Amino acid sequence: LPSDACDRVVMVGGDGTLHECVNSRADGLPWPVGVVPMGTANLVGRELRMPLNRKADGLTRRLLASSPWRVDLMRMTHSDGRTEQAVANIGAGLDAEVVHAIADLRSGASGTGGYIQWIPSIWGTVQAFRFPRLRVTVDGRRTFAAAACIVQNAQNYGGLFRLAPHAALDSGKLDVTLIRATTKRDLVRVVMGALARRAQRFTDVKMVRAEHVHLRCGSRVHLQADGDPAGTTDVEIALLPKAMQLLRA
């Protein structure tokens, strides 16, 4: 659409739908964008404290009447030069392996049913998981080793967790969670701690804030962006301050 084709855009769906919209134009979205949260995780909808799975027409009217809010985006630059943008989070490690494993379940008729239908695939992925050796460089200064890395622009993660208590869509920073667990038992402990919103208390979890993150690994490790498959490492992630106008009801 040409930039003068409309004043605002409202979509019905989840984080993946918003991700596709954000990446639909090479020059960025010229309009304020609203999302009626009807997905499974609905990270952005939860971040906006919007009611979930309500009738779309009422929420749409409220979104169209609301004031735009400037929020940050994240730009991913892959090793082949391809770029894409993400709104809520980008991950490498177990979470990305799970996203890739259930990608087929989220499409077509089998995409209904929410978290319950994903349990066998998630469990199988955890059982088969091999800990990668990620090198995570933040702001070009400090490099950390990790088995998993989640770069967040939103507090909520996966619809169930709150990993980074200070993350916010307009914070002007990326919140980077580094998981340095080396056994599946430790990894499960971290996951349970994240459910209780206490993951940051573990010694094998480190959180840092940054504006630029470089994820590297000697082997190819899956990536996810906003809950969708996003290729493999290596990748650079840069903060794009106030890059999008978001509508919130």
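I began with the largest cavity, and found it lined by Gly13, Gly14, Asp15, Leu18, Val35, Pro37, Asn42, Val44 and Gly45. I was working from a predicted model, in which local features need pLDDT of at least 70 and side-chain atom pairs count only at pLDDT 80 or more, while totals for chains, interfaces and linings use all residues. Residues are numbered from 1 along each chain as its sequence is written, and side-chain values use heavy atoms, with hydrogens and water left out.

For the search I took a 1 Å grid over the protein atoms alone, where a cavity is a set of points at which a 1.4 Å probe fits but cannot get out, a pocket is an open set with protein on both sides within 12 Å along at least five of seven lines, and lining residues have an atom within 4 Å of a point.

Next I looked up the largest pocket, which has a volume of about 1,200 Å³. I found 44 residues in its lining, with Val98, Ile122, Tyr157, Gly158 and Phe161 nearest the centre. The elements giving two or more residues to this lining are helix 1 (15-22), helix 4 (94-102), helix 5 (119-128), strand 8 (148-152) and helix 6 (184-195), and the largest share, eight residues, comes from helix 6.

I then turned to helix 4 and helix 5, whose axes (lines fitted to C-alpha atoms over the stretch in contact, with angles from 0 to 180 degrees between N-to-C directions) come within 9 Å and cross at roughly 135°. The two helices are therefore oblique to each other, the class left once angles under 35 degrees are taken as roughly parallel, over 145 as roughly antiparallel and 65 to 115 as roughly perpendicular. On the helix 4 side, the contact (heavy atoms within 4.5 Å) is made by Leu94, Glu97, Val98, Ala101 and Ile102, and on the helix 5 side by Ser121, Ile122, Thr125 and Val126.

Last, I checked the backbone. A cis peptide bond joins Thr233 and Asp234, with omega about 10°, and Asp234 lies in the loop between strand 15 (228-232) and strand 16 (235-246). Asp139, a residue other than glycine, has a positive phi near 55°; I placed Asp139 in the loop between strand 6 (134-138) and strand 7 (142-146).

Methods. Points joined across faces, edges and corners; volume = space filled by probe spheres on them. Helix = DSSP H or I, 4+ residues; strand = E, 2+ residues; numbered from the N terminus.
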